[in-house]
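Please look at the structure shown here and follow it from one part to the next.

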Amino acid sequence: MSDSILRVSGVTKRFGGLVAVDNVTFDVPTGEVFALIGPNGAGKTTLFNCITGVYKPTLGTVTFLDKDLTGAPPHRAAKAGIGRTFQNIRLFEYMSALDNVRLGHHSRMKSYLWDSLFKTPRERREEREVTTYSMDLLKLVGLDRHAESYARNLAYGQQRRLEIARALATEPKLLLLDEPAAGFTPQEKVELMELVGTIIKRGITVFLIEHDMKVVMQASQRIAVLDHGEKIAEGTPAEVRGNHRVIEAYLGKSA
Amino acid sequence: MTAIRAYARTHIREPNTIAYIALLLSAILFPLIIQFATNGNGDYLVGVAADGGVYMLMAIGLNVVVGFAGLLDLGYAAFFAIGSYTYAILASGHLAATPFGHAIHLPFWIVLFVAMFVAAAAGVLLGAPTLRLRGDYLAIVTLGFGEIVPQVFSNGGVWTGGVPGMSALDVPKLPFWIQGPWVNQPLGFTTEEFRFTTANLTAYYVLMVFLIIGVVVLINNLQHSRLGRAWMAVRENESAAAACGVNTVSIKLLAFSIGAATSGFAGAFYGAKLSYVSSENFGFIVSVTVLSMVVLGGMGNIPGAMIGSIVLYFILFQFLPNAPAQFEQLATSFGLDSLNHATADWPGLGEEVGRMKYVIFGLVLVGIMLLRPQGLLPSQVRKQELTHTGHHEIAQEAK
């Protein structure tokens with residue numbers, strides 16, 4: 001299965017009696033944009049959390065790059081190459097935009113405690129490199145002029161983009177975006193889709209949760225639909241659009 | 001040269017730079033001024049300042065735990081105790097009286113680092129099972145640890161000297177010393193052993209200044225490294241830090257053990273200077289005092305914690321003990337001598353002030369926190385780092 005980067009198989013997550021995710025299986029193909037859609041409360045974010053190790057799935061496995069990642073803690077998922085953003089933005093508010101991105105590179109840096117204590121040439125060089133690297137990422141998301149601002153002082157759209165830059169700094173092979181276009185103006189959505197295109201060109205697979213159908217249908221090659229924790233459909237945008245179960249889930253059954 | 005000048009220009013206006021320069025100058029001038037003001041009899045006061053340095057070291061260490069990583073540690077004195085007892089056991093005749101049968105007299109300079117590592121190890125041992133706890137829960141566990149450790153030492157029987165503790169610890173020695181015209185000798189080194197004794201408290205003071213400078217440089221380096229960044233991130237948003245690849249448990253453990261190491265360092269010095277350890281010196285009040293120093297000085301800022309420790313140490317150990325006598329003098333000089341005499345329903349001004357000591361202390365604390373809730377010298381935007389590395393230029397070069 002080398003053409004799929006992530007394989008979710010039979011994942012179930014129960015919280016007490018509530019089944020948030022119910023036996024969901026799908027593959028995310030390498031190098032494409034894969035979208036997960038579904039009504040509010042369908043279990044999309046829970047599934048993201050199962051993939052990134054925030055939750056341990058009750059049942060089922062998560063395989064990333066042919067390695068079992070089920071239940072691995074979040075920092076291991078990040079180190080393995082899964083970057084993510086959050087539905088409700090979670091930046092380090094009192095750190096500068098640049099520091100937010102530099103922190104993202106933490107697990108790829110090689111300085112030891114010794115290097116940091118004595119500011120060895122190796123640590124100085126690495127700090128210079130990570131600064132350059134992070135400035136490039138800030139430029140990519142159009143925030144290089146705000147490098148020194150506190151994250152909390154950035155505008156909403158800038159914060160969303162900063163979160164993407166921070167996730168990119170972890171050098172992911174797979175990027176999970178949780179509702180990246182929420183609250184965006186049409187113009188910002190266009191820019192976001194351009195950014196997703198750039199990310200794909202860098203060889204990073206994108207897996208996103210999104211409510212905006214226009215964004216989903218335009219940006220993604222493949223879509224899975226979740227309703228009440230169950231996967232009710234999967235396919236190309238055209239296939240999903242015509243699926244009557246999907247229409248029912250969104251609009252309700254016709255009487 | 002121009003680089004230094006440019007560096008100085010960008011940094012000179014920063015509160016932290018000013019604070020560091022002021023701290024260094026006062027460290028150098030303090031003994032001179034004291035000796036001058038007391039006609040050369042100020043050795044005792046210089047020794048008091050060296051004791052204050054012990055608290056300053058602890059405040060710097062606790063600042064890593066509380067200020068950088070945001071972990072509330074209420075049992076910090078435990079590591080101080082561990083450092084002191086390590087010194088007492090490894091640098092005294094004490095072990096000869098135990099079943100071990102041989103005294104160990106390791107040099108101060110080695111035990112200083114042994115104590116540091118022992119305390120750091122204790123930090124790891126305590127931290128590993130407990131750092132998964134958050135906020136208030138961690139505070140309670142550390143509180144318990146802080147109570148247990150002195151108890152263990154006071155019940156350690158022959159090994160730790162029990163309740164009376166251990167005395168007659170070795171003093172630090174230097175194998176050579178500088179001599180010069182001030183002792184009627186030509187300038188140069190003498191191979192005569194130099195002993196740090198109670199007759200020469202200035203030597204302890206100088207030693208303490210060097211220890212603090214070393215610790216400040218190292219911890220300042222840490223703060224501006226990837227580890228310092230990770231501490232900040234964990235404090236700000238733990239789940240986001242984890243999603244960025246930070247192993248939150250091990251990074252918190254590191255903060256905890258670095259704080260413990262600094263405290264152990266301070267403990268070894270304290271044991272050597274006092275030449276005596278007793279479990280009574282490491283109670284909860286020490287942990288709380290150090291925590292107050294950090295909070296009052298400005299959490300997360302090294303010079304802030306240092307200034308906080310000076311202010312609180314002065315109030316607690318200099319101002320308050322002398323307050324009764326000084327109030328009496330003040331009353332006399334205003335011609336209100338009658339206030340100083342006890343009557344049936346008035347204990348006398350000195351006595352009254354003595355009784356009110358901790359009320360005054362509490363009022364001072366509340367007052368400072370009301371006037372400056374962020375601390376005396378709060379942590380600044382980490383701008384210095386940004387401007388002086390000049391990332392814009394670096395980014396330009398990279399193109």
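**A walk through the model**

Within chain A, Phe64(A) has Lys67(A), a residue of strand 5, as its bridge partner. This comes from a predicted model. Strand 5 covers residues 67–68 and is joined to strand 4 of chain A by two bridges, with the two strands running antiparallel. Together they make a hairpin with two residues between the strands, and in this hairpin Leu65(A) takes a positive phi near 50 degrees.

Phe64(A) also leads in another direction, as the bridge partner of Leu6(A). Here the pairing is between strand 1 (residues 4–15) and strand 4 (residues 59–64) of chain A, which are antiparallel and joined by five bridges. Strand 1 of chain A pairs in turn with strand 2 of chain A, again in the antiparallel sense, over eight bridges. One pair of bridge partners there is Val11(A) and Val24(A), the latter in strand 2.

What is the order of the strands in the sheet of chain A? It is 2-1-4-5, in an open sheet of four strands with antiparallel pairing. Strand 2 and strand 5 of chain A are at the edges and have a single partner strand each, so one side of each has no neighbour in the sheet. As background, the strands of a sheet are paired through backbone hydrogen bonds, in either a parallel or an antiparallel way.

Is Asn23(A) buried, exposed or partly exposed? It counts as partly exposed because it has 14 C-beta neighbours inside 10 Å.

Leu47(A) belongs to helix 1 of chain A, residues 44–51. It has 28 C-beta neighbours inside 10 Å and therefore counts as buried. Leaving out residues up to four places away in sequence, Leu47(A) touches Val11(A), Val21(A), Val24(A) and Leu36(A). Val11(A) and Val24(A) are the bridge partners named above. Leu47(A) and Gly229(A) are 182 residues apart along the chain, while their C-alpha atoms are separated by 8.8 Å.

Helix 5 of chain A is the next stop. It has 20 residues, and the distance from its first C-alpha to its last is 29 Å, close to the 28 Å expected at 1.5 Å a residue. Its buried residues are Glu123(A), Glu126(A), Glu127(A), Val130(A), Thr131(A), Ser134(A), Met135(A), Leu137(A) and Leu138(A). In an α-helix there are 3.6 residues a turn, so residues three or four places apart point the same way. Just after helix 5 of chain A comes Gly142(A), with a positive phi of about 75 degrees.

Now take chain A as a whole. It has ten helices and ten strands. Its radius of gyration is 19 Å, close to the 18 Å that the globule rule gives for 255 residues, so chain A is as compact as a globular protein of that length. The C-alpha trace of chain A spans about 70 × 40 × 35 Å along its principal axes. Of its 255 residues, 47% are buried. Among the contacts in chain A with a separation of 6 or more, 66% are between residues 24 or more positions apart.

Chain A also meets chain B. How many residues of each chain take part in this contact? There are 37 residues of chain A in contact with 28 residues of chain B. On the chain A side, helix 2 (74–80), helix 3 (97–104), helix 4 (113–118) and helix 5 (121–140) each supply at least two residues. The residues on that side comprise 15 nonpolar, eleven polar and eleven charged ones.

The last part concerns the core. The largest nonpolar core has 177 residues, and Ala59(B) and Ala255(B) touch the most other members. Helix 3 of chain B (residues 43–68) gives the most to this core, with 15 residues. Not counting residues up to four places away in sequence, Ala255(B) touches Val64(B), Val65(B), Phe68(B), Ala69(B), Leu71(B) and Trp231(B). In soluble globular proteins, nonpolar side chains tend to be buried together.

Ala168(B) is another alanine to look at. It counts as exposed because it has 11 C-beta neighbours inside 10 Å. Ala168(B) lies in the loop between strand 3 (166–167) and strand 4 (173–174) of chain B, and its phi is positive, about 55 degrees, although it is not a glycine.

Terms used: Residues are numbered from 1 along each chain as its sequence is written. Chains are lettered from A and ligands numbered from 1 in the order in which they are written. This is a predicted model: local features need pLDDT of at least 70, side-chain atom pairs count only at pLDDT 80 or more; totals for chains, interfaces and linings use all residues. A nonpolar core is a set of buried Ala, Val, Leu, Ile, Met, Phe, Trp, Tyr and Cys residues joined through C-beta atoms within 7 Å. A residue is buried if 20 or more other C-beta atoms lie within 10 Å of its own, exposed if 12 or fewer, and partly exposed in between; C-beta atoms are placed from the backbone. Two residues are in contact if their C-beta atoms, placed from the backbone, lie within 7 Å. Ala, Val, Leu, Ile, Met, Phe, Trp, Tyr, Cys and Pro count as nonpolar, Asp, Glu, Lys and Arg as charged, and the others, Gly among them, as polar. Two strands pair if DSSP finds at least two bridges between them. The radius of gyration is taken over C-alpha atoms; the globule rule is 2.2 Å times the number of residues to the power 0.38. The expected span of a helix is 1.5 Å times one less than its number of residues.
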